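Welcome, and thanks for taking a look. Please open the sequence and the fold side by side, and let us walk through them together.

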Amino acid sequence: MKGTDVVVSLFTDPVWSGLFGDEEVESAFSLEATLQHYLAYEVALTNALSEHALISADAKEAVLKGCEGFEPDLAGLKAGVAKDGLPIPAFIAQLRARIGEPHASACHKTSTSQDVMDTALALALKQVSQVLTTRLAAVIDALETLKSANADHTLMGRTRMQAALPITAGDRIATWIAPLERYQQKLEDAAKQVSVLQYGGPVGTSATQGEHAEVIASQMAVELDLGVPTQSWHTQRDDLVDYANVLSMISGSLGKLGADVTLMAQQGVGEIKLTGGGSSSAMAHKHNPINAELLVTLARYNSTQVSAMHSALVHEQERSGVAWALEWMILPGMCMATGAGLQSALKLLQQTEWIGAPLSD
């Protein structure tokens, strides 16, 4: 191992990702996917501009040819980010150099950096939402199966962590299922709100597109399979915060499930039987409920991150270099935490042999 091989995120660390990682969600935010989204935006923009005679047919052909197979110099992008605070100026400069004169200026015409990056985010979140939607349904199905098999088993109901009155396993499992079912619609709605094209131009007014702004945006949205914006959302980030809220709620309810299981699995309580479990380096008798514990950890992680997303609502005037950058740091991690939580919940439910004691004859 090289001394320079340092990863600061447990989600992508080569070792810790065995617990915290989510390869499907990670792929949506990968550099390769992001760069492809940038190119997809420029291709869609070029097609729409040509359709409405804002660039010539020759310019369209040159730009599309330049985009085909384009692989930017990453060292140049890194230097560009250090200078400009974001990668798009360097990305477009490299792409224009590849296109060459006299048509280089047709590339990215009427658009701005935030249009590209926000659209790339919309495309990434659309992919993430599809993954989360599928997994959420799978967790609910697994819970329903568990409930059917254990519905009449008895548990001691506990209030404030003290023994109260008997309940059934079905009673407790129902409290795990109900919020997750509600999140299915919330996630669908939030995903639709954030899967929207961005096309506001330099100051979000679409002034550089003139009378063609709406039809250009509509055509681009169709090509990219995104929603059509009613106006620029450069500084209107409430839909992204709504999305983050849903992620945090999903994680929170999975955390409740995890907390219940960790308590039920305590030696001396024995209200649940789990196969497998984590081992201890010092105590061979231990079988730690790792997946249940992780659900609690991820719930607490997302609950702290969502407050930072609320801070990212404060965009100064027509564009922020502060709040916008905060989103880049937070939202992918929240997506990773939610995805990893759903994966772990499914593993935990698959490990569960029984809950509660069967009724005696």
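The report below goes through salt bridges, a helix, the nonpolar cores and a pocket.

## Ground rules

This is a predicted model, in which local features need pLDDT of at least 70 and side-chain atom pairs count only at pLDDT 80 or more, while totals for chains, interfaces and linings use all residues. Residues are numbered from 1 along each chain as its sequence is written, and side-chain values use heavy atoms, with hydrogens and water left out.

## Salt bridges

You will find ten salt bridges here, each being a side-chain nitrogen of Lys or Arg within 4 Å of a carboxyl oxygen of Asp or Glu. One of them joins Lys126 to Asp225, at 2.7 Å from N to O. Lys126 sits in helix 7 (residues 113-150) and Asp225 in the loop between helix 9 (213-224) and helix 10 (238-264), so this bridge ties together parts that are 99 residues apart in sequence. Helices (H or I, at least four residues) and strands (E, at least two) are DSSP runs, numbered from the N terminus.

Arg172 pairs with Glu271, their closest N and O atoms being 3.8 Å apart. This pair also links distant parts of the chain, with Arg172 in helix 8 (residues 169-194) and Glu271 in the loop between helix 10 and strand 3 (272-274). Both Arg172 and Glu271 are buried, whereas Asp225 is exposed at 53% relative accessible area. Buried means under 20% relative accessible area, exposed over 50%, and partly exposed in between (1.4 Å probe, protein chains only). Lys83 and Asp84 form a further bridge at 3.1 Å, N to O; Lys83 is exposed at 69%, and Asp84 is partly exposed at 30%. Finally, a network of salt bridges links Asp22, Glu24 and Arg135.

## Helix 11

Helix 11 (residues 290-311) has 22 residues, which should span 32 Å at 1.5 Å a residue, and its end C-alpha atoms agree, being 33 Å apart. The expected span is 1.5 Å times one less than the number of residues. Its buried residues include Leu294, Leu295, Leu298, Asn302 and Met309. Among the elements covering them are helix 1 (17-20), helix 10 and helix 12 (323-351).

## Nonpolar cores

A nonpolar core is a set of buried Ala, Val, Leu, Ile, Met, Phe, Trp, Tyr and Cys residues joined through side-chain atoms within 4.5 Å. In the largest one, of 60 residues, Leu143, Tyr243, Leu331 and Ile355 touch the most other members. Helix 2 (23-28), helix 7, helix 8, helix 10, strand 3, helix 11 and helix 12 each give two or more residues to this core.

Beyond its neighbours within four places in sequence, Leu331 is in contact (heavy atoms within 4.5 Å) with residues including Leu121, Tyr243 and Met309. Another core, of 38 residues, lies apart from the largest one and has Ala90, Ile92, Leu95 and Ala120 among its members. Ala120 belongs to helix 7 and counts as buried at 5% relative accessibility. Leaving aside neighbours within four places in sequence, Ala120 is in contact with His37 and Tyr38.

## The largest pocket

The largest pocket has a volume of about 680 Å³. A pocket is an open set of points on a 1 Å grid over the protein atoms alone, where a 1.4 Å probe fits, with protein on both sides within 12 Å along at least five of seven lines; lining residues have an atom within 4 Å of a point. Grid points are joined across faces, edges and corners, and the volume is the space filled by probe spheres set on them.

Of the 24 lining residues, Thr34, Tyr38, Pro87, Met117 and Trp328 are the closest to the centre of the pocket. Helix 3 (31-51), helix 5 (74-84), helix 7 and helix 12 each give two or more residues to the lining.
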